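Okay, thanks everyone, I'll keep this short. Let me put the structure up and then walk you through the ligand site.

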Amino acid sequence: MQSKFLDRNDIAPYLNEEQLEFREVVFRALEKQATPEYLRECDEHKAFPEKLIKFVADQGWFAVTLPEQYDGVGGYLEMVGMLEAMAYYSSALARYWNINVNMVGGAICSIGSLELREKLIPPLAAGKNFFAFALSENGSGSDAASLQTTGKVDGDDIVLNGTKMWITGANRANHILTACRTAKMENKQAGISLVLVPSDSNGLKINPIDMLGGHLIRTCEVVLDNVKVPTSMMVGDLHKGWMQLLSVLAKERIALGAICVGAMQAAFDLALGYTKERKQFGKSIASFQINSHKLADMQTSIDASRLLVYRGARLLADGIPCNIQSSQAKYFGADTYMKVATDALQLMGANGYSMEYAAQRHFREAKLFQIFGGTNEIQRNIVARDLISN
Ligand SMILES: Cc1cc2nc3c(=O)[nH]c(=O)nc-3n(C[C@H](O)[C@H](O)[C@H](O)COP(=O)(O)OP(=O)(O)OC[C@H]3O[C@@H](n4cnc5c(N)ncnc54)[C@H](O)[C@@H]3O)c2cc1C
């Protein structure tokens, strides 16, 4: 396959030979496994891509970024290369990886007990234990710390009550990392704890919600009605979970930026191939200057998004704080994916709007990246606050 994805010069300043090789291995392996027909079938039937997840697990890719002592491999530069490659085929697959490994795996590794790490991280690395992360509620989205779900400590147990919304992959998870209020304190960020709720707990109900896109991995409502979990399933300290969790968010935003870059490159490649082939007025439509300039602008903005992602990943890999750079990579990537997906669909005319081609899927899926993982407005607030306060 011819794709700008494979142009090594673009990212050579950030990746060594092995990392470049790994990124390409993932890209080429998924070309065979994640065919447009298979992905379209799963999308249309809102079916979990069982076969694809098993393939990813068998390759050992769920282990990327996890600590070596728990069978993990590779770091953040391997992560962004891999996520870009996965998202080239399916952003839903890459998002699923991100929730499992970055969000929940990352939380367990950085603030979880030794017992939880030893029990849950090796099966995660092997792709045999899956997670979801339940923070949002109907009344608390961007203002996540105003959550109302309660967790009442009762001896050695904690009893949870409340309803979580928009939870990615909850219907396929073995455990749901659930944020709940364990104490009312003056500062709303304090008094929040994180509890790993086993999905077979009594009183737990999971209801998939119909969304605009990303159907391979369902987005769910999670209802907790007197769900009792041992306090040993708490990740982080009692009342301090929210504040401790903030450390994993930079990693997540860079991952989301990488997912947008891979997906937008695929949308672009589709449109480029189409416009070169499609003839109107006796010429290929790519030869009309308005279209060729659009294509040039699309690839240039994809390259710019990619550079923001690799800059962030390099900082993460070197242990340099990158809260601002990660927000920039996330919101620029999501806005650019939306623009590229819109332009790709327009360049393909009615075929772009038909279910036959993946342009419509990109158009639907790009939008979700501007909303989740902290909306783009919230990311801009983070960057602006830093600019103004310095
Ligand atoms: C497909 C999908 C998957 C998701 N997966 C998960 C998941 O796995 N786990 C989970 O916990 N959540 C998940 N979410 C929820 C997601 O995190 C929230 O949707 C997001 O945080 C925004 O919250 P909200 O939808 O309630 O919007 P609101 O917070 O109500 O915001 C509505 C609008 O107001 C803007 N706004 C709000 N506050 C400000 C402000 N201070 N300044 C400027 N603008 C502002 C927002 O940017 C947005 O445009 C998912 C969402 C989607 C769409």
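Predicted model: local features only at pLDDT ≥ 70, side-chain atom pairs only at ≥ 80, totals over all residues.

The ligand sits in the largest pocket. So who's around it? We get 18 residues surrounding the ligand, and the closest ones are S142, W166, T168, T375 and E377.

Where does that shell come from? Domain 2, residues 131–242, and domain 3, residues 245–389, each put in at least three residues. If you go by secondary structure, β1 (131–134), β3 (157–168) and α13 (376–389) each give at least two.

From F133, a backbone N or O atom lies 2.8 Å from a nitrogen atom of the ligand. With S136 it's the side chain: an N or O atom there is 2.8 Å from a ligand nitrogen. And N381 also uses its side chain, with an N or O atom 3.1 Å from a nitrogen atom of the ligand.

How much of the ligand does the protein cover? On its own, the ligand has 970 Å² of accessible area, and the protein covers 65% of that.

Key: Residues numbered from 1 in each chain as written. Heavy atoms only, no water. Near = heavy atom within 4 Å. Polar contact = N/O pair within 3.5 Å; in protein donor to acceptor, adjacent residues only side chain to side chain. Areas by Shrake-Rupley, 256 points an atom, 1.4 Å probe, with all protein chains shown as cover. 1 Å grid on protein atoms, 1.4 Å probe; cavity = no way out; pocket = protein on both sides within 12 Å on 5 of 7 lines; lining within 4 Å. Sits in = over half its atoms within 2 Å of the grid points. Helix = DSSP H or I, 4+ residues; strand = E, 2+ residues; numbered from the N terminus. Domains from an automatic or database assignment.
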